[in-house]
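Dear colleague,

Please find below the structure that I am handing over to you. I would be grateful if you would look through it before reading the notes that come after it.

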Amino acid sequence: MANSPMDRRAFGGQHDRPTGQGAEYTGRYLVLLEPDDLDNGLNALRSSADIASVERVGGKIEAANVTDFLERPDVSVLFEELGAAVVEVRPAKRHALVTTAEATSSIIAAEPERIVYASPITVATQAPTEFFPAYRSDEDVVARYNRAASAASQDPPWDEQQWTWGLQVIRANLSNLSNLTGRDVKIAVLDTGVDTDHPDLAGRIEAAASFVPGESVKDFHGHGTHCTGTAAGPVNPQQGPRYGVACEARILAAKVLSNAGTGTDGQILAGMAWAVARGARVISMSFGVPVQPGELFPQTYEKLAQRVLALGTVIVAAGGNHSERPGFVAPVDRPANCPSILAVGALDKALTTAFFSNGSINDQWGELNVAAPGWQVHSAAPGGAYQLMSGTSMATAHVAGAAALLAQENPNASAVDLMASLRRYFPRDGNPLPAAVPVMSALAVFLEAPHAPKGSIVPLEVLDLQTGHTIHALAHCGMVTKVDVKEGPLYVQAKLADGQVLTAFADMHGTARVTLKPHSTALEDEQLSMDNAATSSNAFPALEREVAALYSGSWARLWRLAADQKSWTPVPFEPIALVLRSGALQWGVDEAGGCALQVGGDHIAHRCVLLPPTDQVTVTLTYTGDDELGFNAGYVLQAHSDDERAEALLAYNAAGQLTAAQIIADHYDPLAETMLYDKVSSPVGAIVGGYHLLRSRALGQTCEWPKNLADWFPQLPDAAVIRIGQLLQASEPDQDEVRARIHQALDVGLPSYTDGLRWLYRATELLLAATPESEDVAAAYQHLRPYADAADWDAVLTSFRGDPNEPTVEQHTGPLDDLERTENTVPLVPVRYAS
């Protein structure tokens, strides 16, 4: 809170004009109060800082009154529903205000009010003089204009006669929502206003208000009209292609930026309160203020965003356009850098990060959450016209429209759920949109690899023989994988971990299906009917006898940690699928996080595998035909999560340095960082990504992400272990935190992944050697030692002989003589093609 705001006025003085390119202030303060204790906080400020008299604003906010209050130098404004105030204070009393805020429990935060700017850049089709006023250097304007012109000349072609390219991307990425329109969902666009007479928007605006002194809601700038059109333009515009994402959403237009594209925090706060009071499900904010590397997010906006989320409203905001990629990447602007605000970056027409788009370089926070189309975006313009604009502003409008579609699909979803859904549907900065390219058809590829475990993942290449373009995908052995391709002749190739190459040709006309199998040479030989094989009584006659013998007298049991988290207890479970393919008995388990699956029987040694922490887990028990007494003793037990990125990364790491994996090796370190970043939407993906980065010794680059993972997911042992691994890779590990994280992990079970057990066991050994007198560390080591002795160190998931309470080095087969075998035990019975 110790900033140096420029004087705005001193109870009756005049506004100071913004100058320079650094942070600009008005002289007022934003103060966030405890919602249940507003008066005590305000009284404290009156007493110590002599703030101006307070006008309370609540209920259905009248814009004219609020605008008048914000302009008066003798008035402070309190927005009651949000528990936030814009406070007038004399310059001589600012220090007293800050110290009082720090000392008063009913005041959460206080910081100077800033001036903010719209967040577009100008595209090459517009004159350089039309750059927005946030850019004050003529040299900077010309340089950025030339860069934009160069980028535009290299854009890949998109057919935009019926749909804009941005809308094609959104609808492809949200293909399951393509029949939705955002009907009755309210989108509030806080911007430079809107052209209320535009033929595409005139009948769609439910309410409009201006919080800019002396200006109506009418948009004479163009930024607000463009963003409103992108978010909620009509299904049939007057001219040109369709450009609006949520074509039947209800528009709330709040003018918080002037016709020059600037505004204040107070005006934004007023617009937020107005939008929430009118039931907005989405607030779109395409403006911001640049921040410095390492600068923390504003506490006031973060707390406000948390309160708005609790009221059911999602805030999406532009990440900013101050980068000059690849040489320079600027941090995400405020307020988009707040964790509870969805920060949006821009994609160009090649579906890569736009050169101007800011990025996640402030690792503690300031993460860019999603990226969307933001280059040469066609939308509405004032005067009933249309124009192209570029910037994270345009990307933000696309995401706001998508949020309305999701809200229509899930009307009872919380705002937090909507944010999580948006993270799933959209990529993060720097990642491609594989499902969002212009597609004609889906090629169905069946990968038949008898010696590879069913469900294991193999890199796949599909070469378009007409264009020379190669699509990289991931195929599951023994399963059908669909790849979006254009029509025409295709060459399909898969490289297995053992170096074997499987190939096939396909001629795409509408639909096509190919089967990749060893020694296949012709397409006619490839196109086998899975359906016929499924219904044939002689599909696997010899194999059926082998598998039936293997599973005779065999069983499976699911374990969960007991309530005291000190012991494991067998619990009833019902497999949701039983499938026999190529000798693999496969079943899924719902809500399998924090579970261990034990398998044993007459032909199978008793063995446990910890299941990955996700809701959907598929477990495969594959007969190997090798009955020699090893750890597996005739079978391989695997479990797969529903996170495809995590499974792809595990498959790559299992392949090691084989040529088959090197094709996409450069993709995996960035992928692992992205997965660790996306910890909220997929904890299991973050864990797999974290272990990959530990293995490649790249985890130090992600700074606070492992710590955040451990702090945000204390119920996951792997989260704590990844933080331990990061600490151990430092030159001087923090022993106190290592000890604390060891206990954090063991208090909630065992790591799900073998990498985690290895790091946890090693950390305990090292810490015990350094502090042999530590009884708690010695106890942790003694607890882990039996699991380490019984572990299968070659497995991906933590696996050991025995059961979770009593790991053993003994190789034991047979029935469960010492345990109940009623509802807690499921017999392993081979079932062919049952669902």
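Predicted model: local features only at pLDDT ≥ 70, side-chain atom pairs only at ≥ 80, totals over all residues.

Strand E5

E5 pairs with strand E1 (residues 25-33) through 6 bridges in the antiparallel sense. Within this pairing, Pro-112 of E5 lies opposite Tyr-29. E5 is also joined to strand E9 (residues 262-264) by 3 bridges, again in an antiparallel arrangement. A further 2 bridges link E5 with strand E11 (residues 287-288), and these two strands run antiparallel. Tyr-117 has a bridge partner in E9, namely Thr-262, and Tyr-117 also stands opposite Gly-288 in E11.

Helices H7 and H8

How are two packed helices described? The description uses the angle between their axes and the distance between the axes. For helix H7 (residues 265-277) and helix H8 (residues 299-310), the angle is about 5° and the axes are 12 Å apart. Angles under 35 degrees count as roughly parallel, and H7 and H8 are therefore roughly parallel to each other. On the H7 side, the contact is made by Asp-265, Ile-268, Leu-269, Met-272 and Val-276, while H8 contributes Tyr-301, Leu-304 and Val-308. Of the residues in this contact, 7 are nonpolar, 1 is charged and none is polar.

With kind regards

Note on methods:
Residues numbered from 1 in each chain as written. Heavy atoms only, no water. Axes fitted to C-alpha atoms, helices over the stretch in contact; angles between N-to-C directions. Helix = DSSP H or I, 4+ residues; strand = E, 2+ residues; numbered from the N terminus. Parallel < 35°, antiparallel > 145°, perpendicular 65-115°, else oblique. Contact = heavy atoms within 4.5 Å. Nonpolar A, V, L, I, M, F, W, Y, C, P; charged D, E, K, R; others polar. Pairing = 2+ DSSP bridges.
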